[in-house]
Amino acid sequence: MAPTQTAVLVALVLSLPGSADSFQPLFSFKGNSSTHRDITRRAVLRETAEVCKAIAAAEGRDFSLKINNSLSVGQVVSACSTTGTSDSLPSTVMFRTAIANMYFSNALVDVIFALSEERHFDDETFQGGRDVIIAGVSAVKASVKLENFVSGRWSLGRVCHTLQDFYSHSNWVELGSRTPYSALIRPDQPLENLAGPSTPTCRNCTGGNCTNNLLPELLQQGLLTSGYFNVLSSAKPAGKCSHGGTFDRTSRQDPVGGINKDDTAASHGSLHHTAADLAVNATVELLEDIRLAVGDKNFLRLMGLSQSSVLCFVIDTTGSMSDDIAEAKRVSFSIIDSKRGTQQEPSAYILVPFNDPGFGPLIITTNADVFKDSINKLSASGGGDLPELCLSGLQLALTAAPPSSEIFVFTDAAAKDAHLKSTITALIESTKSVVTFMLTNALSSRRRRGLQRATPRSLSQSDAQLYRDLAQASGGQAIEVSKTDLSLATSVIEDSSTSAVVTVFQAVRNPGKPDNFTFTVDGSLRNLTAYITGASSLTFNLTSSTGASQSSSQSSGPLGSFTTVGNLRRFSLNTDNQTGSWEISVNSNDPYTLKVIGQSSVNFIYNLVEAYEGAHGDYSLKEGRPLTGGNTSLLVSVTGSDTVKVSEVTLVEGSGGSREVNGSLQSVGSGNFLVTFRDVPAGDFVVRLKGEDSATSRSTATSSSFQRQASTQIKTSSISVTAQANSTTIEPGSTISIPFTVSMTTNGVVNDSASGTFTVRANNDRSYTSSSPATISIAPASGGKANGTVTLTAPASAASGTDVTLTIEAENAAATDINYVVLRLSVVAEVTDFTRPVCQVISISATCPSSSSLCASSQWEFSANLTDGINGTGIESLTVRQGNGTLNTSAAVGAGGENVTVATYSASCCSQNVELVAVDAAGNVGTCAGQAKATATTSAAPVTVTAMNTTSTGGHTLTISQSLWISVVVALLWK
């Protein structure tokens, strides 16, 4: 079937109420059913807590958190925190955002792959379902290997959906199984006891009761089956079970009824909670496999467990930028050196250089020293024609950084690639990242290529306005300062690098006008800072909740102190014992921006969601802009307090207007709210949240009002752009075709009589070869829609695990309206190695005393050979998962010519157990365990040592020819 035909059929299917089949994706408004969101969140919290518990044990710290399915995000963050000082401000924003990425990706499977039997384990497609899981897990591991954690989360969410559906759609639970079916994530294990294609599996339900519709002989023989599902046809093999439900047409064909456990009202709804619990345990097992493959630290990064944001610089490296580069080095080194080893140390470091004609490479690392070395290597050279590829570099940073990151751009030149403005805006809105520009454009001198004289140049107002527009869209700032004063302006970078930074208030007036602004200061806020950018003639007056005031003529006063550098005024506020409503009056007829930030654990995140009729009338993540005049829905999650009462969520006009749109709130549990705004007008808005929290006051136990504001603007559009790729992965050297649809809407509904021509732009952040139509036309009587196709080719040299972000935009002929869709794809090479590393124990030597009081004076030793086979990809890492001893490794060649990793481990008799984890280049995991006890010696076939190349963590290296010890016992654990 052609991609466009598939997309149309998917749209038709999703237009049928209740058409998709699975656990509810996001919300369950009836009863107490568990959703994919619930299952994913429980599993992530449990496995994350287990990893933190293991790390705490290895470091000799206490870990008292009880791990179960009732964990909250706040509990896990608190338990995983390594600092417990009263000054520390834990933030759950990054962790919640990462979990949201995973469950939104999970839920999208019911939208993008609604017709895929293997994605849902329908129609007895067990092998196909497992293939989906194995390929998805390989994609996750490949992404993490390249530290592409964001794309890894999106892949992981999709994998979890398919795995979880198995327990709802098959008869695994009805067979009496109460542990996960591990063969689904282990391709080297056979799928056993599958019902044959002609084996009857069900009988008719009686009177609507499907409790006993599985055939007794099927259960007696322990045969595995799943229900057939089709919304268009009732055909199914004779005697086979159906999925069930109103829109499953196969359930009307004998044998009638179904076996799904999607919710408590489903055909086998009495087993729903059992299936959901098994799905949680299976997801934990999957996460454990990924953890072993990538290691504990990278696993926690994949989960987004961090108290700090990334440090991200995009730097112009042309000839006039030497002072700017030096200042970027200074401020980044200062942040690194002051925060290294603390929970405020940046969670990752991102650097993107640019000039003309080049940009990149993107450098992303969790190693501060690698970042330091990379930024040290930057040098200012070339330039002369002024415009540089600034937006191309920024595009790389936006797609590489985690959502809601803060990105700093250093330049003194116009953007040569200004045509990317709409793409950058789309990425800003999609990622909710904040972009601040450091523009050292006052009488800057650029040396013309090939000439020795310098020509004074400065940014024109139109050139600078592009940067101001992008900063405004993101909630950042365009700071215009001389090169000599740049070091006074980079304090904003240090402000943003602290933990738990929140936006209390922000406003833009463009065109400028005098105005009064109010914001609420609550007891949880610390280190409040106000930023005002505008003309030098701008004045302001600040009044606190107690009536104290300070004007812009006072650089220091009762409410704090401020500095002015370039167009930036930075006001450090003194809010002690002055909670409540504050007011700031700004007097200027030129454009200006105002932003108030602080530190607090109380914050919120939001995502645009849209209702759709499939999947039992649930919601899914919405890409692109909401539709003008229609209803807009947000999923809002409040962080940092279990005692928050949200009173209002409002869309506030962003560019100087006074319009506000109040949302209706519906709690969906755990601090999450579904907020619906009706008839949202044309314009740009920001999200403001207000409420009460009895836990926020530092000085009293009374309730405290608070407000927070999102940084990124939400803009509406009358254009709808949708796209659905048949696959979210692409192999190196291959091409993927992505159909898309453009439509015109009126009041949020497709206008069937509309017609028009639209400019189409398709851009990707990797500069991969791509094709797309330049324009697309909606013809009269075409239903108000037009279809097109974008192709994207990954080069054969692309590394497995590379992520690529594709943005498809449609703009009307008048260039007054635009909308977009952002697609995230992963480049994944085909995996042919599914065999786990094999362990063969050589010996264990134990001379441990029976008395534990004497253990410190004695040692025991363990030796084993590990191989990935003659055709394997080779063992890539060998680590100690359990044990406090020393591991040494060396290379050898086995009798069959296979590469062998020789592991020797020694430890004190106070630590009498060891477990090694071997991971091959394909991410397959094997474990090998030994225990010191007194018994006979075990030996293995000899190997010939051809090279030592020993990597040691201490201690001494053991060779194969060494004599075997006495008093040995081996406990071999092979999973």
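**Note on the predicted model**

1. P511 is found in the loop between strand 9 and strand 10 (515–521). A cis peptide bond joins N510 and P511, with omega at about 10 degrees. The bond from G360 to P361 is cis too, and its omega is near 5 degrees. P361 has its place in the loop between strand 2 (349–354) and strand 3 (363–365). Helices (H or I, at least four residues) and strands (E, at least two) are DSSP runs, numbered from the N terminus.

2. This is a predicted model, in which local features need pLDDT of at least 70 and side-chain atom pairs count only at pLDDT 80 or more, while totals for chains, interfaces and linings use all residues. Residues are numbered from 1 along each chain as its sequence is written, and side-chain values use heavy atoms, with hydrogens and water left out.

3. The protein chain has 18 helices and 46 strands. Of its 975 residues, 57% are buried (under 20% relative accessible area; exposed is over 50%, partly exposed in between; 1.4 Å probe, protein chains only). Among contacts (heavy atoms within 4.5 Å) between residues at least 6 apart in sequence, 74% join residues at least 24 apart.

4. Confidence is given by pLDDT, the predictor's score for each residue from 0 to 100. The protein chain averages 88, and 89% of the residues score at least 70. Residues 442–456 stay under 50, and the model has 39 contacts for them beyond four places in sequence. Residues 697–701 are also below 50, with six contacts beyond near neighbours in sequence. Where pLDDT is low, the predicted coordinates should not be read in detail.

5. F121 has a positive phi of about 55 degrees although it is not a glycine. F121 sits in the loop between helix 5 (117–120) and helix 6 (126–145) and is buried, at 0% relative accessible area. S670, also not a glycine, has a positive phi of about 55 degrees. S670 lies in the loop between strand 24 (664–669) and strand 25 and is partly exposed, at 47%.

6. Helix 14 (residues 421–431) is mostly covered, with ten of its eleven residues buried. Among them are I424, L427 and E429. Just after the helix, K432 takes a positive phi of about 60 degrees.

7. Strand 34 (residues 769–771) pairs with strand 36 in the antiparallel sense over three bridges (pairing needs at least two DSSP bridges). There, S771 stands opposite T791.

8. D679 lies in the loop between strand 25 (672–677) and strand 26 (684–693). D679 is exposed, with a relative accessible area of 57%. Leaving aside neighbours within four places in sequence, D679 is in contact with G629, G630 and N631. D679 and G748 are 69 residues apart in sequence and 8.2 Å apart in space, C-alpha to C-alpha.

9. Which elements each supply at least two residues to the lining of the second largest cavity? They are helix 15 (461–474), strand 9 (501–509) and strand 18 (592–599). The lining includes Q472, V508, Y531 and K595.

How values were computed: 1 Å grid on protein atoms, 1.4 Å probe; cavity = no way out; pocket = protein on both sides within 12 Å on 5 of 7 lines; lining within 4 Å.
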